[in-house]
Amino acid sequence: MMAIVVLAAGPAAAVPDDDCDVAQQAFSECVSYVVGLEASVPPRCCTALDSVKDLGGSLPQRQALCRCILSEMLAAGQVVSSRAAELPGACKVQVGFIPTSSDFDCST
C-alpha cells in the first residue's frame, strides 16, 4: 500500500502545466527587449517577472520553470544574452530561474 502512495506522488521536479504556461507568458513580455527590439526593459516585463518570482519554491521547481522559459526564449529567436541576464536587476525582481542565454544550463 505504501508503494502506491509514493508512486502516485510523482516526480518532485515537475511543475504544473499552468505554472509553466504562466512563466512562459511572463517571459514573452520580455522577449522584445531580449531580442533587441526595445531599447529598455518594458514595464510590462517587470510586472510579469514579479508575478512569477514565487513559483519556484524548490530547486526542482526552479529547474523545471527555467526549462519552460528557455523553450520560450528559443522560440523567440536570436536572444542577446547580456539583455536576458540584466532582467532581474533592471526590474529589481529576484527571479532565480531566468535563463540568460540560448544554451543556458537549467540544471544548476
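Residues are numbered from 1 along each chain as its sequence is written, and side-chain values use heavy atoms, with hydrogens and water left out. Because the model is predicted, local features need pLDDT of at least 70 and side-chain atom pairs count only at pLDDT 80 or more, whereas totals for chains, interfaces and linings use all residues.

**Figure 1. Overview of the protein chain, with its six helices and zero strands.**
The elements run α-α-α-α-α-α from the N terminus on; helices (H or I, at least four residues) and strands (E, at least two) are DSSP runs, numbered from the N terminus. Of the 108 residues, 38% count as buried (buried: under 20% relative accessible area; exposed: over 50%; partly exposed: in between; 1.4 Å probe, protein chains only). The chain exposes about 6,100 Å², of which carbon and sulfur atoms supply 57%; accessible areas come from the Shrake-Rupley method with a 1.4 Å probe, and for residues only the protein chains shown count as cover. Among contacts (heavy atoms within 4.5 Å) between residues at least 6 apart in sequence, 75% join residues at least 24 apart.

**Figure 2. The largest nonpolar core and Leu49.**
A nonpolar core is a set of buried Ala, Val, Leu, Ile, Met, Phe, Trp, Tyr and Cys residues joined through side-chain atoms within 4.5 Å. This core holds 27 residues, of which Phe27, Leu49 and Leu87 touch the most other members. Two or more residues come from each of helix 2 (17–28), helix 3 (31–34), helix 4 (43–52), helix 5 (59–76) and helix 6 (81–91). Apart from neighbours within four places in sequence, Leu49 contacts Cys30, Leu87, Cys91, Val93, Val95 and Ile98.

**Figure 3. Gln78 in the loop between helix 5 and helix 6.**
Gln78 has a relative accessible area of 68% and is therefore exposed. Leaving aside neighbours within four places in sequence, Gln78 is in contact with Val34 and Val35. The C-alpha atoms of Gln78 and Val34 are separated by 8.5 Å, although the two residues lie 44 residues apart along the chain.

**Figure 4. Lys92 in the segment after helix 6.**
Phi of Lys92 is near 55°, a positive value in a residue other than glycine. Lys92 counts as exposed because its relative accessible area is 74%.

**Figure 5. Ser101 in the segment after helix 6.**
Ser101 counts as buried because its relative accessibility is 13%. The side chains of Ser101 and Asp103 are joined by a polar contact of 2.7 Å (a pair of N or O atoms within 3.5 Å; within protein, one must be able to donate a hydrogen and the other to accept it, and residues adjacent in sequence count only if both atoms are side-chain atoms). Not counting residues up to four places away in sequence, Ser101 touches Leu70, Met73 and Ser81.
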